[in-house]
Amino acid sequence: MKTKPTYQELERTIKELKEKEEFYLSMFENSPAAISIIEPDTTMSMVNNEYCKLSGYSRDEVIGMSWTRQVTPTDLEIFKEFYLRTKDDHPYDVPYKHEFAFYKKNGELRHAILLVVNLGNNKKMAIFTDFTEDKQLELSLKESEAKLIESNNTKNKIFNIIAHDLRSPFNTILGFSNLLLENHTKYDEKEREKYLKVVNNSAKQVYTLVDNLLNWARTQIGKFVFNPKNQSLDKILKEVTKLNKNNAKIKNIKLSYRLSEDINIYADYDMMEIILRNLISNAIKFTHKNGEVTINTEQDKDNVIISVSDTGVGMDQEKLQRIFDISKKTSTAGTENEKGTGLGLVLCKDFVEKHGGKIWVESEIGKGSKFIFSIPNNYN
């Protein structure tokens, strides 16, 4: 039979319990991690100093507040599901660690690592540490990795262009020019003209390819100076259609442009010339003999909108999805077996976006394509 504790023993036990309570309370208050005690109704009944420091709320503001107010919507759904799973009948069904994002009182978004402990009676203790700086470093490293992958893909694409697409027309030029040199006395005028046309077309192809390569490379290293000015759109279109007139004539393609009105455009002349030249030459390339290529222009209060339409072969949805992506091979031979690399369209996209505009395409197999781009009305 146990004897009743003496008054001194009870006093000593109370003192020990009080000392332990003060010790654990001190640990709670001075923990380097933020800690909160969460009641079954999701409100917080206790928080420590670090919680107030990280959240920006005072203790009086936090007590009685639901923890759901500080969590992002995505994490809130995850936590709600978790909260239902971690009832007292599954006291150990808690994650060791969980990453989540929370809002401070001033609206700042922070990232933290969370540990949840069941205390019984559906109470929980949430312990978390802020790792926002580490998270930002992680995101920065991922972004750098993505840029390096993109850069590597671009480099491989350029090497592929140089190794294959540039070599092919040079081989044609060398082969047919050698034939002419060795046999020019044997060929009649009609044969010589035929081979000269092949050499001339291949030379044009090389020139276009090299020009696009150089212009694109200049944009990548920041050497293509963006110099927008008020320009006459009519003047730009006259020059560009003149440059493409001979290519259209070879295939008996009707090349025309229509201005809805006298339009001024605030743009870099060289970039606009390259955009239109590439779109028009691309349209001619994929249009059959006796077809038509039309440039239309219009403007609203926000943008000048220019479209280049053709009656050519058109494209399927798969090609439309990757047509402006340099990392994917999109080149297709034209209706007269004209070669290309797809780099011209990538250059168009870069230059349109440099102006703050957008470019897109509408197309259907057998019914032609329509490339449309917009340039903001920023002129004075």
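This is a predicted model: local features need pLDDT of at least 70, side-chain atom pairs count only at pLDDT 80 or more; totals for chains, interfaces and linings use all residues.
**Exercise 1.** Determine which parts of the chain the salt bridge between Arg59 and Glu29 ties together.

*Solution.* 
Step 1. The N to O distance between the side chains of Arg59 and Glu29 is 3.2 Å. A salt bridge requires a nitrogen of Lys or Arg within 4 Å of a carboxyl oxygen of Asp or Glu, so the pair qualifies.
Step 2. Helix α3 (residues 59-62) contains Arg59, while Glu29 belongs to helix α1 (residues 7-30); the pair therefore links parts that are 30 residues apart in sequence.
Step 3. With a relative accessible area of 30%, Arg59 is partly exposed.

**Exercise 2.** State where Asp234 and Lys238 lie, and classify the accessibility of Asp234.

*Solution.* 
Step 1. Asp234 and Lys238 form a salt bridge whose closest N and O atoms are 3.5 Å apart.
Step 2. Both residues lie in helix α8 (residues 233-250), separated by 4 residues, about one turn of the helix.
Step 3. The relative accessible area of Asp234 is 22%, which makes this residue partly exposed.

**Exercise 3.** Classify each partner of the salt bridge between Glu364 and Lys367 by accessibility.

*Solution.* 
Step 1. The side chains of Glu364 and Lys367 meet at 3.6 Å, N to O.
Step 2. Glu364 has a relative accessible area of 44% and is partly exposed.
Step 3. The threshold for exposed is over 50%; Lys367, at 60%, therefore counts as exposed.

**Exercise 4.** Give the number of salt bridges that the structure holds.

*Solution.* The total is 13 salt bridges.

Note on methods:
Residues are numbered from 1 along each chain as its sequence is written. Side-chain values use heavy atoms; hydrogens and water are left out. Helices (H or I, at least four residues) and strands (E, at least two) are DSSP runs, numbered from the N terminus. Buried means under 20% relative accessible area, exposed over 50%, partly exposed in between (1.4 Å probe, protein chains only).
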